[in-house]
Amino acid sequence: MISTHPDAPESPGATLAAFAADLCFSQIPEPVVRRTEDLLVDWFGSAVAGHAARPVASIARFARSQGPDTGPCEVIGSATGTSPYAAAQANAAASHVAEQDDVHNGSVFHPATVVFPPALAVAQALGASGRELLTACVAGYEVGIRVGEFLGRSHYRVFHTTGTAGTLAAAAAVGRLLGLDATGMRHAFGSAGTQSAGLWEFLRTAADSKQLHTAHAAGAGLMAAYLAADGFTGAAQILEGPQGMAAGMSIDADPARLADGLGTRWATAETSFKYHASCRHTHPAADALLQVMQAHGLGPQDLARVVTHVHQGAIDVLGPVTNPATVHQSKFSMGTVLALVAQYGHAGLAEFDAHYRSRATQALCGMVEMALDAEVDAAYPRRWIGKVTVITTDGRMLHGRVDEPKGDPGNTLSRAEITAKALRLAEHAGGVPPATMQAAVERLWGVAGWSAVGRLLPAVEEGGA
């Protein structure tokens with residue numbers, strides 16, 4: 001264990017590191033524990049859904065080519081195990097493909113995809129208990145969310161927060177499992193932060209980089225924690241320092257957010273589930289459009305024009321996607337998402353796969369536009385308000401508004417809905433028989449009682465056996 005102390009004075013970043021290092025299961029309120037179980041099952045569904053996707057397969061092949069062919073750590077959908085490092089990368093990539101993994105509104109950060117994969121892999125390698133796994137994951141969520149909030153709105157214009165803040169989230173989760181003390185955790189943060197990466201430019205050309213962002217964040221954070229346990233030192237002021245993350249990645253960073261309400265405000269419980277299989281920036285408008293269509297008995301043939309009133313972040317991320325060339329890129333097209341919602345009442349995996357390029361979808365897509373709205377922008381990112389103006393073919397102007405999209409804490413998914421979502425994702429992806437997935441999900445609901453974390457799926461399931 002590291003015994004040396006950084007020379008830098010106490011700071012919000014140091015306070016956050018100490019919190020992650022010292023967190024105990026008994027300190028976590030029961031509702032937060034239950035919420036973490038919800039988030040774990042939800043993540044598992046997304047990981048199963050994405051395990052066979054082409055970009056994921058590529059990352060998994062690379063990761064395993066650099067590591068052992070056998071090991072204690074599960075690659076979702078694979079019969080054989082591997083090292084924590086390789087498994088964390090493969091599973092992090094897998095859980096960010098379907099665009100159904102969770103999101104924290106205020107930080108604009110997807111915690112599950114960079115917290116659960118490294119924590120699960122290390123827990124399997126160490127034989128950690130279910131309670132130890134949940135504690136580590138809460139530490140990861142609390143750290144990653146606060147780092148995302150600290151970096152601010154300006155960061156998100158260029159950087160994919162899940163790839164940047166995600167490295168520290170992964171380091172916190174793994175560091176907690178490894179038993180790092182406050183000083184060691186601070187070193188882990190330093191090594192994680194210096195590796196933070198992820199740029200939005202990939203959206204313009206439908207590149208595969210989004211899966212690389214999560215794979216890298218999970219692996220880099222895991223490595224940072226293991227290095228810290230071995231005495232490797234990291235920058236003490238990686239977050240707030242004059243040449244740290246805020247200095248290079250933000251113009252509106254707020255260090256006070258790093259230690260905001262630690263131990264009293266549980267940001268983990270603020271995390272939202274994703275109902276539609278698309279970028280979260282599309283969800284408020286999608287739900288508002290559904291509201292209008294249902295209230296007025298409209299069909300897609302009744303739509304002449306749809307104006308979505310959005311925050312600037314939606315324009316920054318979705319604006320570059322004007323003619324989606326792939327299913328994944330189409331999930332970042334406001335027009336495509338609303339076109340699918342108008343036709344099918346839900347933009348799910350099946351709807352995207354079958355209809356994202358159809359004539360009807362393309363026609364409706366051309367009717368949708370985004371407009372910056374002062375109220376929506378002022379509320380963002382704390383609240384993601386959905387507002388639409390619909391012009392019908394008979395000349396009516398109708399308005400819709402949703403203050404909490406489906407999946408937000410105030411409009412959340414029940415455990416039955418989370419289970420159904422996970423089963424639906426697995427069925428769509430194939431490779432895991434429904435009965436096997438059902439049994440895995442039911443067992444996962446009892447994770448807090450596990451004496452040791454093992455495989456989530458039986459090894460015999462590879463290749464759909």
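A: Accessible areas here come from the Shrake-Rupley method with a 1.4 Å probe. On that basis, the accessible surface of the chain comes to about 16400 Å², and 54% of this surface belongs to carbon and sulfur atoms. The model is predicted.

Some background on the chain comes first. Its secondary structure comes to 19 helices and 6 strands. The C-alpha atoms fill a box of roughly 75 × 55 × 40 Å along the principal axes. A compact globule of 465 residues would have a radius of gyration near 23 Å, and the 21 Å of this chain agrees with that. Of the 465 residues, 60% count as buried. Among contacts between residues at least 6 apart in sequence, 79% join residues at least 24 apart.

Now the charges. Side chains of opposite charge can pair when their charged atoms come close. The chain carries 32 positive and 42 negative side chains, and the centres of these two sets lie 4 Å apart. The structure holds 25 salt bridges.

One of them joins Arg-415 to Glu-37, with the closest N and O atoms 2.8 Å apart. This pair links distant parts of the chain: Arg-415 belongs to helix 18 (residues 415-429) and Glu-37 to helix 2 (residues 30-50), 378 residues apart. Arg-415 counts as partly exposed because its relative accessibility is 31%, whereas Glu-37, at 3%, counts as buried.

Glu-149 forms a salt bridge with Arg-265, at 2.7 Å from N to O. Here too distant parts of the chain are linked: Glu-149 lies in helix 6, while Arg-265 lies in the loop between helix 10 (245-249) and helix 11 (283-296), 116 residues apart. Buried means under 20% relative accessible area. Glu-149 has 8% and is therefore buried; Arg-265 has 18%, so Arg-265 is buried as well.

Key
Residues numbered from 1 in each chain as written. Predicted model: local features only at pLDDT ≥ 70, side-chain atom pairs only at ≥ 80, totals over all residues. Heavy atoms only, no water. Salt bridge = Lys/Arg side-chain N within 4 Å of Asp/Glu carboxyl O. Helix = DSSP H or I, 4+ residues; strand = E, 2+ residues; numbered from the N terminus. Buried < 20%, exposed > 50% of the residue type's maximum accessible area, 1.4 Å probe, protein only. Rg over C-alpha atoms; globule rule 2.2 N^0.38 Å. Contact = heavy atoms within 4.5 Å. Lys, Arg positive; Asp, Glu negative; His and termini not counted. Charge placed at Lys NZ, Arg CZ, Asp CG, Glu CD.
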